[in-house]
Amino acid sequence: MNTQWNPLSSVWSLTTLSLGTTLLLSPQGIGSGGCNGNHGGTIEIHVESPCCGDPSHAREDDLLLRRVVWDDGSDFDEFIFASEVRDVVYSGPNHRVRVITGHECQTGDPGVHPIQNEDGNGSGTSSLDRRLFADRILGAFNHENLNAYVHRRTCADFSCVIRFEETIRDNSPLSDEVGELLVLEMSGNSWIQIEAVDDQGNTVGTPYVIDHYRRVAPERLFTRRYSNSGSPLCGSYEWKAIGVDLSDLGVNALENLKVSTPSNTGGADVKASFRIAGIRTSTTPTAAMVFD
Ligand SMILES: [Ca+2]
Ligand SMILES: [Ca+2]
Ligand SMILES: [Ca+2]
């Protein structure tokens, strides 16, 4: 794990407990420069950007997922994408939940698609909007272009269920460093809850709240900002990401994933804008599955 420990800009705090135990606390930053990586570090995600040599310049173009490398050095280049999205829940304000695919993309359905417009009546979000928006999410999540995602700008409840094109399997039934779910979040500052569910939507295992993300390496990845009407704006957002081990969800295999707004977060930002892909880290069931 890359902790970005820099002895010149930080000091370690030592606290000695009465029982004789020495507790090493997290590094305390001194000054303002150069120590924003105390937690988090980087995640190695390799993408291909046909528009431009450097993927960090491909802000409205394809960012084609090619390979991830985990902290233990293991390396994966096979991904498992969504085959169905269902059970979208949202009844919040207009223009605050959108599916966006960069407007110059070749892969996916380029454009900005707010949920309330799906049924042809933009005055509010209907059950038809929610059903059609599920397919809109699918159109963003069923291919390798990472510049296609759900954009949210409201704390209002949102959830959906993603079915993957094949079962995602853990490489080890124990907790391990090799993630099976690649979760990207715009700016990396919003919490999101994920959980395995069965075909009826009932939770299997334990819901898991993602509360931190890493900067993408070797190149940083960005995506264009858009106005409500879908016009490209000057600014862009940086993708941050995390790999989630299926053990964190209390399962060894997963086919349906529910994504939702976490509660009881103590005021944390829950407006996650996200993109999720599965990673084929194993093709055989783990031991715990064999003995089921
Ligand atoms: Ca509508
Ligand atoms: Ca595991
Ligand atoms: Ca794993």
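Student: Is S187 buried or exposed, or something in between?

Tutor: Bear in mind that this is a predicted model. The way to decide is to count neighbours: a residue is buried with 20 or more other C-beta atoms within 10 Å, and exposed with 12 or fewer. S187 has 14 other C-beta atoms within 10 Å, so S187 is partly exposed. This serine sits in the loop between β14 (181-186) and β15, and its phi is near 75°, a positive value in a residue other than glycine.

Student: Where is N264, and what is its phi?

Tutor: N264 belongs to the loop between β20 (253-260) and β21, with phi near 55°, again positive in a residue other than glycine. N264 counts as exposed because it has 6 C-beta neighbours inside 10 Å.

Student: Which peptide bond is cis?

Tutor: The one joining A217 and P218, where omega is about 5°. P218 lies in the loop between β17 (214-217) and β18 (222-226).

Student: Now the sheet, please. In what order do the strands of the open sheet run?

Tutor: Strands of a sheet pair through backbone hydrogen bonds, either parallel or antiparallel. Here 5 strands follow the order β9-β13-β20-β15-β16, and the pairing is antiparallel. The edges are β9 (82-89) and β16 (203-210); each has a single partner strand, so one side of each lacks a neighbour in the sheet. On average, neighbouring strands are turned by 25° against each other, direction ignored.

Student: How many bridges join β9 to β13?

Tutor: There are 5 bridges between β9 and the antiparallel β13 (residues 159-169). As an example, A82 has F164 as its bridge partner in β13.

Student: And how many bridges does the pair of β15 and β16 have?

Tutor: β15 (residues 192-197) pairs with β16 over 5 bridges, in the antiparallel sense. V197 is opposite T203 of β16. The hairpin of these two strands has 5 residues between them, and G201 takes a positive phi near 90° there.

Student: Which helix packs on this sheet?

Tutor: Helix α1 (residues 127-141) does, touching β9 and β13, and its direction makes about 145° with that of β9. Its 15 residues should span 21 Å at 1.5 Å a residue, and the end C-alpha atoms are 21 Å apart, so the length agrees.

Student: Which residues of α1 are buried?

Tutor: An α-helix has 3.6 residues a turn, so residues three or four places apart point the same way. In α1 the buried residues are D129, F133, A134, R136, I137, A140 and F141. They cover an arc of only 165° around the axis, which means that they are on the same side of α1. Strands they pack against include β9, β12 (148-152), β13 and β21 (274-279).

Student: What about S123, buried or exposed?

Tutor: S123 counts as exposed because it has 9 C-beta neighbours inside 10 Å. S123 is in the loop between β11 (111-114) and α1. P93 is 30 residues from S123 along the chain, and their C-alpha atoms are separated by 9.8 Å.

Student: Where does pLDDT stay under 50?

Tutor: Where pLDDT is low, the predicted coordinates should not be read in detail. That applies to residues 1-39, where pLDDT stays under 50. For the protein chain the mean pLDDT is 88, with 84% of residues at 70 or more.

Terms used. Residues are numbered from 1 along each chain as its sequence is written. Chains are lettered from A and ligands numbered from 1 in the order in which they are written. This is a predicted model: local features need pLDDT of at least 70, side-chain atom pairs count only at pLDDT 80 or more; totals for chains, interfaces and linings use all residues. Two strands pair if DSSP finds at least two bridges between them. Helices (H or I, at least four residues) and strands (E, at least two) are DSSP runs, numbered from the N terminus. Axes are lines fitted to C-alpha atoms, for helices over the stretch in contact, and angles run from 0 to 180 degrees between N-to-C directions. Two residues are in contact if their C-beta atoms, placed from the backbone, lie within 7 Å. pLDDT is the predictor's confidence in each residue, from 0 to 100. The expected span of a helix is 1.5 Å times one less than its number of residues. The arc is that of the directions from the helix axis to the C-beta atoms.
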